[in-house]
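Good morning, and thank you for joining.

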Amino acid sequence: MAKVIIKLGADISTDDIYPGRYMATVLPTETPAFCFADRTEFNTRLKAKAFEPGSIILGGENFGCGSSREQAASAINGYGLVVVAQNISRIFLQNAINLGLRVVICPTIDAEEGHELTLEPTEVVNLTTGKRFPIQPLPPARQAIIDAGGLIPYTRQRMQPV
Amino acid sequence: MGMTVVEKILARASGLALVKAGDVVEPRVDLAMSHENAALVINQFKEVYEGSGREATPWDSSRIAIIFDHRVPAESPKTATNQKKIREFVAQHGIAKFHDVRGDVGGICHQILPEYGYVRPGFVVVGTDSHTTSHGALGAFSFGIGATEMASVWTLGFAVNVEVPATIKVVVSGEFSEFVGPKDLILHLIGTLTAQGANFRAIEFHGETIRKMSTSGRLVICNMSVEAGATSGIVPGDQETLRYLREEAGVTDEITLTTPDPDAVYERVVEIDINTLTPQIACPHMVDNVKPIAEVVGTKVHQIVIGSCTNGRLDDLAMAADILRGKKVAQDVRMLVFPASGRIFGQALDLGYVHDLMKAGAVVMNSGCGPCLGVHEGALGDDETALSTTNRNFKGRMGNPKSGVYLCSPAVAAASAITGVITDPRQGGK
Ligand code: SF4
């Protein structure tokens, strides 16, 4: 069971998730401080860790559009949050998978901030409303990277033996 | 069954006879580009080798390009130190396609790659920048990736688990009217497809208008294909591609053109007739919030920006100089111009464009990303509005979430600089 800690609209860009001003900061230990930096109230809540690990950021369509900056994924990942969105922009989705940020594509999701959801293998259940919404499975090509624990371990597996 | 251009390129690079949309391939990478975010790539690259007992050495330094552009000259000690670290890596591994902070050979990555002939038709190009789609203008399959994925490419030499995208074929016919051009075309297309309309897809550009379009114009449309979510925009290589690479990029070795099969399978076909296209404007805060200029004429703006990897090339500066020559930028407007590369800056100097623009009141800045991504210079004040030839207008893009950005062509930007309000160049400034 996980709580929706913020509900965002469509087309949430990586400029919104991680403003360009902070792009010189690259270390995954440092990027979370600037997660949604321009949404001051939410950024403050994040920094205060006023949520349970595994809580949900709920996005609409085209979540993570725009820049390829990986900090957007590492900043959210640093808080142990999960992104549930109606659909996700390609580069953000790939970055999330590469870094081990959990993302769930749920095209018909209907939930509000404060609702409790459970993420099952094939569907999201909104415990607050009792409604269930199917999950769109990730392409198999990407599942292999998730199964390895991210792209760095996956790349290690794929390296030529010496 | 025939293949699209992207399918053909991916088949070749993956050593396969036939691939189709949805297949998963692992294409060899012909060129791997990064900018200052190479600092993060280097971290991740070393991490891959951590504990392996092997030294982290790129698979092929000659296929790596690193261009400093996002924050040049460095705006902070942090950036300066990142750049220093990258320079050391470049020297250690003999990366020759490196463009440091320089007035002659520096510039924005998406201008440097074509300008120096680093990209060829049929190449697979990856870049740690979403506008890597630009290089489809030269007939390459070119797409943006994150820093960790680049670290994987530096290790393996190929991109892992790439899904072959379905292709949207865009066929453009007709002639642009005066003061209407490639930027208006791509803004119109993004408005039509929406910001996610091409997510996970490639866009292949065809039609008489594209055939007649210069490489500079093709760079504009491929650059902004990502604003419709596209993995890649591509203009199949043709005579113009050869002309550009031979005459402008100085390429002398063999060039092979890749064209789609006549029976290639497209997900959909979009036809656009540009004979009646008017200047287009993307309004705050979404790049697909596109309106014909008539709907926003008269809107007050505080800053005019001409430059970037989208519209900072010589023809863009020529257009701006022609409109502003002998005129003045309105008193209540700041006009910033940043050429896409040092080479372009030099040409604009020789041709007098820089002089014309400065005399009119524009601030001509060094080439680089400058105000485009709001980290370095040219930030907007609260409640201020910019009119810009760049490619993104997400909230906060120009450094301030309380400001707004309109996107337009160089002609619209220049005409509006004179009046201080959004102005149709066909009607002209005061
Ligand atoms: S000019 Fe703007 S869009 Fe182009 S590479 Fe630089 S920051 Fe990105």
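Chain A contains 6 helices and 7 strands, where helices (H or I, at least four residues) and strands (E, at least two) are DSSP runs numbered from the N terminus. Read from the N terminus, the order in chain A is β-α-α-β-α-β-α-β-β-β-β-α-α. Chain A has a radius of gyration of 16 Å, close to the 15 Å from the globule rule for 162 residues, so it is as compact as a globular protein of that length. That radius is taken over C-alpha atoms, and the rule is 2.2 Å times the number of residues to the power 0.38.

A word on conventions. This is a predicted model, in which local features need pLDDT of at least 70 and side-chain atom pairs count only at pLDDT 80 or more, while totals for chains, interfaces and linings use all residues. Residues are numbered from 1 along each chain as its sequence is written, chains are lettered from A and ligands numbered from 1 in the order in which they are written, and side-chain values use heavy atoms, with hydrogens and water left out.

To return to chain A, its C-alpha trace spans about 55 × 35 × 25 Å along the principal axes. Of its 162 residues, 58% count as buried, meaning under 20% relative accessible area (1.4 Å probe, protein chains only). Taking contacts (heavy atoms within 4.5 Å) between residues at least 6 apart in the sequence of chain A, 60% join residues at least 24 apart.

Let us now turn to chain B. How many of the 10 residues of helix α14 of chain B are buried? The count is 10 of the 10, across residues 410-419, so this helix is largely enclosed by the rest of the structure. Among these buried residues are B:Pro410, B:Val412, B:Ile418 and B:Thr419. The packing partners of α14(B) include the strands β12 (280-282) and β14 (303-307) and the helices α10 (308-311) and α11 (314-324) of chain B. After α14(B) comes B:Gly420, with a positive phi near 85°.

Finally, the cysteines. Over all chains the structure holds 0 disulfides, a disulfide being a pair of cysteine sulfur atoms within 2.5 Å. B:Cys408 is in no disulfide, and its nearest cysteine sulfur, that of B:Cys283, is 11 Å away. B:Cys408 is buried, with a relative accessible area of 0%. B:Cys369 is also buried, at 8%.

Terms used: Buried < 20%, exposed > 50% of the residue type's maximum accessible area, 1.4 Å probe, protein only.
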